[in-house]
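Trainee: I would like to learn how to read charged and nonpolar features from coordinates. Please take me through an example.

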Amino acid sequence: MTAVALTVAGSDPSGGAGIQADLKTFSALGVYGTAVLTALTAQNTRGVTGVHAVPAAFVGDQLRTLLDDVPVGATKLGMLGTADVVREIAAVLAERRPGPVVCDPVMVATSGDRLVGPDAVDAIRADLLPLTALVTPNVPEAAALLDRAPAESVDGMVEQAEALLGLGPGAVLLKGGHLGGAESVDVLVDAAGVVVTRRPRVATSATHGTGCTLSSAIAALVARGQGGPGAWAPVVEQARDYLQEALVAGKSLGIGSGHGPVHHFVRWW
């Protein structure tokens, strides 16, 4: 059987983040991609000028209709938009269980534009995290989910990742790109303990869609049967290797005048 992954996220017309980044990542890693749209954005590499949410009931219709027909090996959640959409997705996940769920709780774009309201953050925390196999927030997103100040050190990241684990997900990958420094440090926490993973920081402005790309790479690898619940560390390392290559090559694309995209197909062209 062909490995299938599902992304449930918003659309990015510039192609660097959201549904577009997820489907590119799935394809680059040898997985057939399926997609359910939660929102349309007016967006380019410089910022977001508008968000149009898909009605929650229709998001549910998309999910149920797809899952009636196509077996899904892993599901990636990205920008969900509204609290109603979050709760509808949680209801479908509870009914159908379409493979391990990797949740990237997208709240703020790379440009700094806010993408969800406080009620949606509450719904992610209460309704979605307990259904999630792995949640992958960055430092500001973790702070929002915990209603705390952002972590300022690796030790602070470990503390906040452990606190997030207490909200119900199976594992937490807290991304430390916002901390700065010569290395990009991520912290993985699950029932087995804490793993700190490091990569050299890439000096580039082509960072649009990095979070989407990492979480969808993890979902793609899980859909292919390469780790998952109880064995996240090897999958995270492979996904970070792929993202590192895509970051290094992103500048060569020369797309847009703001934060350009990473190069999802760096291994191909």
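Trainee: Is Asp190 buried or exposed, and how far away is the nearest side chain of opposite charge?

Mentor: First, the conventions. This is a predicted model, in which local features need pLDDT of at least 70 and side-chain atom pairs count only at pLDDT 80 or more, while totals for chains, interfaces and linings use all residues. Residues are numbered from 1 along each chain as its sequence is written, and side-chain values use heavy atoms, with hydrogens and water left out.

Mentor: Buried means under 20% relative accessible area, exposed over 50%, and partly exposed in between (1.4 Å probe, protein chains only). A salt bridge is a side-chain nitrogen of Lys or Arg within 4 Å of a carboxyl oxygen of Asp or Glu. Lys and Arg count as positive, Asp and Glu as negative; His and the chain ends are not counted. Asp190 is buried without a salt bridge, and Arg240, the nearest side chain of opposite charge, is 15 Å away.

Trainee: Which backbone nitrogen lies 2.9 Å from a polar atom of the Asp190 side chain?

Mentor: That of Ala192.

Trainee: What is the partner of Arg199?

Mentor: Asp241, with the closest N and O atoms 2.9 Å apart. Arg199 belongs to strand S9 (residues 193-200) and Asp241 to helix H8, so parts 42 residues apart in sequence are tied together. Arg199 is buried at 11%, whereas Asp241 is partly exposed at 37%.

Trainee: How many residues are in the largest nonpolar core, and which touch the most other members?

Mentor: In soluble globular proteins, nonpolar side chains tend to be buried together. A nonpolar core is a set of buried Ala, Val, Leu, Ile, Met, Phe, Trp, Tyr and Cys residues joined through side-chain atoms within 4.5 Å. The largest has 45 residues, and Val8, Leu77, Leu80, Ile89 and Leu128 touch the most other members. Helix H3 (residues 83-96) gives the most to this core, with 7 residues.

Conventions
Polar contact = N/O pair within 3.5 Å; in protein donor to acceptor, adjacent residues only side chain to side chain. Helix = DSSP H or I, 4+ residues; strand = E, 2+ residues; numbered from the N terminus.
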